[in-house]
Amino acid sequence: ASSNSAANAKNADNAAQPATEPFWGKHQGGITTTMQSHSYFMAFDLTTTKREDVIALLRAWTDAAASMTHGPTTYPAHPDAEQIPEDSGSSLDLQAARLTITFGFGPGLFEKDGVDRYGLAKKRPTALADLPRFTGDQLVAQRTGGDLSVQACADDPQVAEHAVRRLVALAYGVADIRWAQNGFSGSFKAGETPRNQMGFKDGTMNISTKDAKTMNEFVWVGDEGPDWMRDGSYMVIRPIRIALEHWDRMKLGFQEATVGRHKYSGAPIGKEHEFDALDLDANDKDGNPLIAENSHARMAAPASNDGAQILRRAYSYDNGVSQIAERWPPWRQAMTFDAGLLFQCYQRDPRTGFTKMFEKMAKFDMLNQFTTHLGSGLFACPHGAKPGEYIGQQLFA
Ligand SMILES: C=CC1=C(C)c2cc3[nH]c(cc4nc(cc5[nH]c(cc1n2)c(C)c5CCC(=O)O)C(CCC(=O)O)=C4C)c(C)c3C=C
Ligand SMILES: [Fe+2]
């Protein structure tokens, strides 16, 4: 718990964040970066049959990502009416706003429908094993999978959207958009944990990115490799719709029992302060567990998962409203918020990270009454690059 409580020191630095984040480095940006206020995630299907096209795309993406991250985020306005502008220009005059761009490789880069399109099938890491189907999964193809992923995060939504659009333009004829989701993170004061749409502080217990030992044990790929993944990480991303209207009709006590924490303070049930230790053995006067057996906080705690830990970096999303048929009485059919959490986590191996944790949660977590997993992505995010290299270069060497 001590390393986890340190996690929020990251929020304490927030007021003094530099306007730009480094692109080049041992690790890709956007993994340990203090969460920006906005995010734009996109997954692509590769349409080319040529390995050289994939390499050229990754080189173009890397160069564009480095230049946009370091600023200016776009090319200067182009005076020639006979030319197509090199860039949409939608971020002209805007600061880089701590933009980061993170790239990932999905299973389809290595092999698709049994076809080794780019001579990479033998290089698929064992840790990039397809996720199993979890209880309750309602995955739709339009929000699932992808051969490549990009995610732009910035403190300005227009900068993040511009960055993804530029990468889409560079992918023309080589990769098509498969699915996308933008998101936001509740603004917070220095040192405070943001709240999610359910009104609870979300991110209290997380791996401290400054704790190198824990990061090396649970987040960064180590000697088990492969080389191109060492110091990289595997990312699981899942758009999870939350039945917000249903949640809003629940009594406070039930909301708190479901999460296993108090709503306003964020403290574990029975405690006062947000960072008080989660005592899973504490009982009430009748001998019942204070933190309910199937509450979210208990089910997700490392102690309930043989010590498993993941680095969470989730954003809320809101796509407006859409029609839904409720599965609970009185079986209402109505327009409801198409909103929830774009859950995202990084880990050294998804089999011992997300899958280990979620297999049990998917069956028993009380939160499941309000949440539906609508999509899923699994991506290998290689280590960072040095100037002159491109992301994933070692994989193609
Ligand atoms: C399998 C991983 C997880 C999924 C899926 C997930 C969904 C999900 N979570 C919330 C809200 C909260 N989560 C909180 C804690 C928490 N959640 C996970 C994992 C998953 N959550 C972990 C590992 C933890 C930390 C547990 C610990 O170390 O003790 C909390 C409590 C506050 C906090 O610690 O951050 C909230 C609130 C939602 C709304 C959601 C799906 C929509
Ligand atoms: Fe959670």
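Let me start with one residue. Methionine 299 is buried, with 23 other C-beta atoms within 10 Å. The cut-off for buried is 20 or more, so methionine 299 qualifies. Keep in mind that this is a predicted model.

Where does methionine 299 sit? In helix 9. What does it touch? Leaving out residues up to four places away in sequence, the contacts of methionine 299 are Asn294, Ser304, Lys360, Met361, Phe364 and Asp365. Take lysine 360 from that list. Along the chain, methionine 299 and lysine 360 are 61 residues apart, yet 7.7 Å separates their C-alpha atoms.

Now the ligand. Helix 9, residues 296–300, is one of the elements that supply at least two residues each to the shell around ligand 1. The others are strand 5 (233–242), strand 8 (333–347) and helix 10 (354–364). Which element gives the most to that shell? Helix 10, with four residues.

There are 28 residues around ligand 1. Those that come nearest are Thr204, Met205, Ala300, Leu341 and Phe358. What is the shell made of, by class? It has 18 nonpolar, seven polar and three charged residues.

Strand 5 is mostly covered, with nine of its 10 residues buried. Which strands does it pair with?

With strand 8, strand 5 runs antiparallel, and eight bridges join the two. Here arginine 238 stands opposite phenylalanine 343.

With strand 10, residues 377–381, the sense is again antiparallel, over five bridges. In this pair valine 236 faces leucine 378.

With strand 9, residues 371–373, strand 5 has three bridges, also antiparallel. Arginine 241 is set opposite threonine 372 there.

On to strand 2, residues 100–105. How many of its six residues are buried? Six of the six, so strand 2 is largely enclosed by the rest of the structure. Both faces are covered. On one side we have Thr100, Thr102 and Gly104. On the other are Ile101, Phe103 and Phe105. The partner is strand 3, residues 148–154, joined to strand 2 antiparallel through six bridges. Phenylalanine 105 has leucine 148 of strand 3 as its bridge partner.

What about the core? The largest nonpolar core has 82 residues. Leu99, Ala152, Ala160, Ala163, Val164 and Tyr346 have the most contacts inside it. Look at tyrosine 346. Setting aside residues up to four places away in sequence, tyrosine 346 touches Ile31, Val219, Ser233, Tyr234, Met235, Ile310, Leu311 and Arg313.

Finally, the whole protein. It has 11 helices and 10 strands. Of its 397 residues, 41% are buried. The C-alpha trace spans about 75 × 45 × 45 Å along its principal axes. How does the radius of gyration fit a compact globule? A compact globule of 397 residues would have a value near 21 Å, and the protein has 21 Å, so the two agree. As for contacts, consider those between residues at least 6 apart in sequence. Of these, 77% join residues at least 24 apart.

Methionine 299 is buried and lies in helix 9. Strand 5 pairs antiparallel with strand 8, and both supply residues to the shell around ligand 1. Strand 2 has both faces covered.

Conventions:
Residues are numbered from 1 along each chain as its sequence is written. Chains are lettered from A and ligands numbered from 1 in the order in which they are written. This is a predicted model: local features need pLDDT of at least 70, side-chain atom pairs count only at pLDDT 80 or more; totals for chains, interfaces and linings use all residues. A residue is near a molecule or strand if its C-beta atom, placed from the backbone, lies within 6 Å of it. Ala, Val, Leu, Ile, Met, Phe, Trp, Tyr, Cys and Pro count as nonpolar, Asp, Glu, Lys and Arg as charged, and the others, Gly among them, as polar. A residue is buried if 20 or more other C-beta atoms lie within 10 Å of its own, exposed if 12 or fewer, and partly exposed in between; C-beta atoms are placed from the backbone. Two residues are in contact if their C-beta atoms, placed from the backbone, lie within 7 Å. A nonpolar core is a set of buried Ala, Val, Leu, Ile, Met, Phe, Trp, Tyr and Cys residues joined through C-beta atoms within 7 Å. The radius of gyration is taken over C-alpha atoms; the globule rule is 2.2 Å times the number of residues to the power 0.38. Two strands pair if DSSP finds at least two bridges between them.
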